[in-house]
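Reader: Could you walk me through this structure, feature by feature? I would like the general idea first and then the case at hand.

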Amino acid sequence: MMSPSALSTYLADTDITFDTVIFDEASQLTTENALISMIKAKQIIIAGDINQLPPTNFFKTISTEQEIDEENEIIVEENDYDSLLERMQGAFRQVTLK
């Protein structure tokens, strides 16, 4: 069991693959953080609730590409908050748990 960021840090340059990777709380996970895990998986399961909070940008540092307005507030592009769950909704078959 590893978080997607830990997997990217420790296993990105290895030949390790996984039979199944499960993303729980995918509405709070950004797509870029899950990408390495998805590449290393034969099968993926993405679980989450679209009504939960989206991924937060709170702990990220300001990059040079981000603009800052007159009041020193970061201007965030619309796609900055897309979660893995939102991105994959149309790409995969959806199953609702009972």
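This is a predicted model: local features need pLDDT of at least 70, side-chain atom pairs count only at pLDDT 80 or more; totals for chains, interfaces and linings use all residues.

Reader: Where does Thr 31 lie, and which residues is it in contact with beyond four places in sequence?

Author: Helices (H or I, at least four residues) and strands (E, at least two) are DSSP runs numbered from the N terminus. Thr 31 lies in helix α2. Contact means heavy atoms within 4.5 Å. With neighbours within four places set aside, Thr 31 is in contact with Asp 82, Ser 83, Leu 84 and Arg 87.

Reader: How do the elements of the protein chain run from the N terminus on?

Author: The order is α-β-α-β-β-β-α, which comes to 3 helices and 4 strands. Of the contacts with a separation of 6 or more, 63% are between residues 24 or more positions apart.

Reader: What share of the 98 residues is buried?

Author: Buried residues make up 22% of the protein chain. For the surface itself, the Shrake-Rupley method with a 1.4 Å probe is used, and for residues only the protein chains shown count as cover. The accessible surface comes to about 8000 Å², with 51% of it belonging to carbon and sulfur atoms.

Reader: Which residues form the largest nonpolar core?

Author: The general idea is that nonpolar side chains tend to be buried together in soluble globular proteins. A nonpolar core here is a set of buried Ala, Val, Leu, Ile, Met, Phe, Trp, Tyr and Cys residues joined through side-chain atoms within 4.5 Å. The largest one has 10 residues: Val 21, Phe 23, Ala 26, Leu 29, Ala 34, Met 38, Ala 41, Leu 84, Leu 85 and Met 88. At least two residues of this core come from each of β1, α2 and α3 (84–88), and α3 gives the largest share, 3 residues.

Reader: What is Val 21 in contact with, leaving aside neighbours within four places in sequence?

Author: Val 21, in strand β1, is in contact with Ser 37, Ala 41, Gln 43, Ile 44 and Ile 45. Its relative accessible area is 11%, so Val 21 is buried.

Reader: Which backbone oxygen does the side chain of Ser 27 reach?

Author: A polar contact is a pair of N or O atoms within 3.5 Å; within protein, one must be able to donate a hydrogen and the other to accept it, and residues adjacent in sequence count only if both atoms are side-chain atoms. The side chain of Ser 27 reaches the backbone oxygen of Asp 49 at 3.4 Å. Ser 27 lies in the loop between β1 (18–23) and α2 (31–39), and it is buried because its relative accessible area is 4%. Not counting residues up to four places away in sequence, Ser 27 touches Asp 49, Gln 52, Leu 53, Pro 54, Pro 55, Ser 83 and Leu 85.

Reader: Which phi does Glu 25 have?

Author: Most residues other than glycine have a negative phi. Glu 25 is not a glycine, yet has a positive phi of about 60°. Glu 25 is also in the loop between β1 and α2, and at a relative accessible area of 34% it is partly exposed.

Reader: And in the loop between α1 and β1, is Asp 15 buried or exposed?

Author: Asp 15 is exposed, at 79% relative accessibility. Ile 16 lies in the loop between α1 (4–11) and β1 and counts as partly exposed at 38%. Leaving aside neighbours within four places in sequence, Ile 16 is in contact with Leu 11 and Lys 40.

Technical notes: Residues are numbered from 1 along each chain as its sequence is written. Side-chain values use heavy atoms; hydrogens and water are left out. Buried means under 20% relative accessible area, exposed over 50%, partly exposed in between (1.4 Å probe, protein chains only).
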